[in-house]
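Please look over the sequence and the structure shown here before reading on. The paragraphs that follow lead through the strands, the charged side chains and the loops in turn.

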Amino acid sequence: MDVLIKIKDREGIVHEVQAPTDMNMNIMELVRAYELAPEGTIGVCGGMAMCASCQCYVLNDMELPEKSDDEEAMLSEAFNVKDNSRLGCQIHITEALEGLELELAPEA
C-alpha cells in the first residue's frame with residue numbers, strides 16, 4: 001500500500017508523492033528516489049543520523065515516532081533548526097504517514 005505525502009522542495013515547489021509502506025523506506029530515501037533535492041545534498045551520511053542534510057520541517061499535526069537520542073543530538077548541532085524539525089532518515093514510511101506534509105530545510 002502507498003501513502004500520499006506532500007513535500008515542499010528547497011525551491012518552494014510542492015510535490016505530492018506516493019510512498020510505499022512495504023519497502024522499509026524512510027523520508028530521506030523517498031526524497032532521493034523522487035530526486036526532490038540535488039544529488040549529494042541529502043542523505044550524505046547514508047541515513048545514520050550523523051549529518052543533518054535530510055532535515056525537514058513537519059508542516060501538519062501528525063503523530064510521528066519520538067526522536068531518538070541520536071536524532072536529538074544531531075538536531076542540536078544542525079543549522080536552521082525549528083521546533084518542527086526532524087531528520088528525514090529517522091522517519092520510516094508507514095500507513096500512519098498518510099497525508100504528511102513536509103518542507104525540506106535549506107541546505108546548510
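A salt bridge is counted when a side-chain nitrogen of Lys or Arg lies within 4 Å of a carboxyl oxygen of Asp or Glu. The model discussed here is a predicted one, and it holds two salt bridges. In one of them, the side chains of Lys6 and Glu16 meet, with N and O 3.7 Å apart. Lys6 belongs to strand S1 and Glu16 to strand S2, so this pair ties together parts of the chain that are ten residues apart in sequence. Glu16 counts as exposed because its relative accessibility is 51%, while Lys6, at 29%, counts as partly exposed.

S1 covers residues 2–8 and S2 covers residues 14–20; they pair in the antiparallel sense over seven bridges. Within this pairing, Ile7 stands opposite His15 of S2. The two strands form a hairpin with five residues between them, and there Gly12 takes a positive phi near 90°.

Where does the other salt bridge lie? It is formed by Glu71 and Arg86, whose closest N and O atoms are 2.8 Å apart. Glu71 lies in helix H2 and Arg86 in strand S4 (residues 85–87), so the contact ties together parts that are 15 residues apart in sequence. Are these two residues buried or exposed? Glu71 is buried, because its relative accessible area is 1%, and Arg86 is buried as well, with a value of 7%. In general terms, side chains of opposite charge can pair when their charged atoms come close.

Strand S4 leads on to strand S3. S3 and S4 run antiparallel and are joined by three bridges; in this pairing Tyr57 stands opposite Ser85. S3 is also joined by three bridges to strand S5 (residues 101–104), again in the antiparallel sense. Here Cys56 has Leu104 as its bridge partner. In a regular strand the side chains alternate between the two faces of the sheet. In S3 both faces are covered: Gln55 and Tyr57 on one side, and Cys56 and Val58 on the other, are all buried.

Glu63 counts as exposed because its relative accessibility is 71%. Asp61 lies in the loop between S3 and H2 too, and it is exposed, with a relative accessible area of 80%. Both residues are members of a negative surface patch, which is formed by Asp61, Glu63, Glu66, Asp69, Asp70 and Glu72. Asp61 and Leu100 are 39 residues apart along the chain, yet their C-alpha atoms are separated by 8.3 Å.

Most residues other than glycine have a negative phi, and most peptide bonds are trans.

Terms used. Residues are numbered from 1 along each chain as its sequence is written. This is a predicted model: local features need pLDDT of at least 70, side-chain atom pairs count only at pLDDT 80 or more; totals for chains, interfaces and linings use all residues. Side-chain values use heavy atoms; hydrogens and water are left out. Patches are made of residues with over 30% relative accessible area and no salt bridge: like charges are joined within 9 Å, nonpolar side chains (Val, Leu, Ile, Met, Phe, Trp, Tyr) within 5 Å. Accessible areas come from the Shrake-Rupley method with a 1.4 Å probe; for residues, only the protein chains shown count as cover. Lys and Arg count as positive and Asp and Glu as negative; His and the chain ends are not counted. The place of a charge is taken as NZ of Lys, CZ of Arg, CG of Asp or CD of Glu. Buried means under 20% relative accessible area, exposed over 50%, partly exposed in between (1.4 Å probe, protein chains only). Two strands pair if DSSP finds at least two bridges between them. Helices (H or I, at least four residues) and strands (E, at least two) are DSSP runs, numbered from the N terminus.
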